[in-house]
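Have the model open while you read.

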Amino acid sequence: MTTVSWYVLEPGLAANFHLTEHGKFFGANRSSRDISNEVDLAHLIKLRSHADALLVGGATARAEGYQPSKRLETYVFTTQPQKTDLSPIEFENDEGLVMRVGEVISAHKRVLSECGPALLNKMLRLGLVNQLFLTVSFAEGPNQFSTEKSARNLLELDGYDLDKFEVVGNSALTLWRRA
């Protein structure tokens, strides 16, 4: 599958997120794999190929079965101690999250977040995310208005502007940037 040309990580923290037009971000098995499609997967693979490190939340790491990667350091951000083969990073509050994300970005040029909406919304609210790559899947015919509405219903996008929008099949691919 061909990917859109503008799906490119820039230095700093970028996030990738996928949801349906109805705001669902996981399916019956509590995994995003249940709602993912060929378009979303191809673009995720492209983003990962540009990343120097991955950042996930504890719940996402457990639900998605993240394993250590030979190529990428994978950091699990959590407010509670985790028993994991990945690199756990604990934080207690917003200030701690800002500090710990800063440490990861200092150690790696391009960091890709694949966390769930709770941690993603915290990072968006704190202005930590430079680029948000958001895929919204539709049953039929995506358009920019319905894509923005679905995104804003779930994600805290105040302070972010929609920079790119492209329809591929029944998926709307978007790039949001910090304003």
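## Rings and a helix

Tyrosine 7 is buried, with a relative accessible area of 0%. Keep in mind that this is a predicted model. Phenylalanine 133 is buried as well, also at 0% relative accessible area. Searching the whole structure turns up three aromatic pairs, and here are two of them:

| Pair | Centre to centre | Angle between planes | Type |
|---|---|---|---|
| Tyrosine 7 and phenylalanine 133 | 4.7 Å | 50 degrees | tilted |
| Phenylalanine 77 and phenylalanine 91 | 6.3 Å | 45 degrees | tilted |

Tyrosine 7 sits in the segment before S1 and phenylalanine 133 in strand S6 (residues 131–137), so their pair ties together parts 126 residues apart in sequence. Trp6 joins in too: ring pairs link Trp6, Tyr7 and Phe133 into a cluster.

As for the other pair, phenylalanine 77 belongs to strand S3 and phenylalanine 91 to the loop between S4 and H3, 14 residues apart. Both phenylalanine 77 and phenylalanine 91 are buried.

H3 covers residues 94–107, and its 14 residues reach 20 Å from first C-alpha to last, close to the 20 Å expected. Gly96, Leu97, Val101 and Val104 are its buried residues. Seen down the H3 axis, they fall within an arc of 125 degrees, so they line one face of the helix. What do they pack against? The partners are strands S1, S2, S3, S4 and S5, plus helix H4 (117–125). Exposed Glu95 and Ser106 are on the face turned away from that buried side. At the start of H3, a side-chain oxygen of asparagine 93 comes within 3.2 Å of the backbone nitrogen of glutamate 95.

Conventions. Residues numbered from 1 in each chain as written. Predicted model: local features only at pLDDT ≥ 70, side-chain atom pairs only at ≥ 80, totals over all residues. Heavy atoms only, no water. Helix = DSSP H or I, 4+ residues; strand = E, 2+ residues; numbered from the N terminus. Expected span 1.5 Å × (residues − 1). Buried < 20%, exposed > 50% of the residue type's maximum accessible area, 1.4 Å probe, protein only. Arc of directions from axis to C-beta. Contact = heavy atoms within 4.5 Å. Polar contact = N/O pair within 3.5 Å; in protein donor to acceptor, adjacent residues only side chain to side chain. Phe/Tyr/Trp six-rings, centres within 6.5 Å; stacked < 30°, edge-to-face > 60°.
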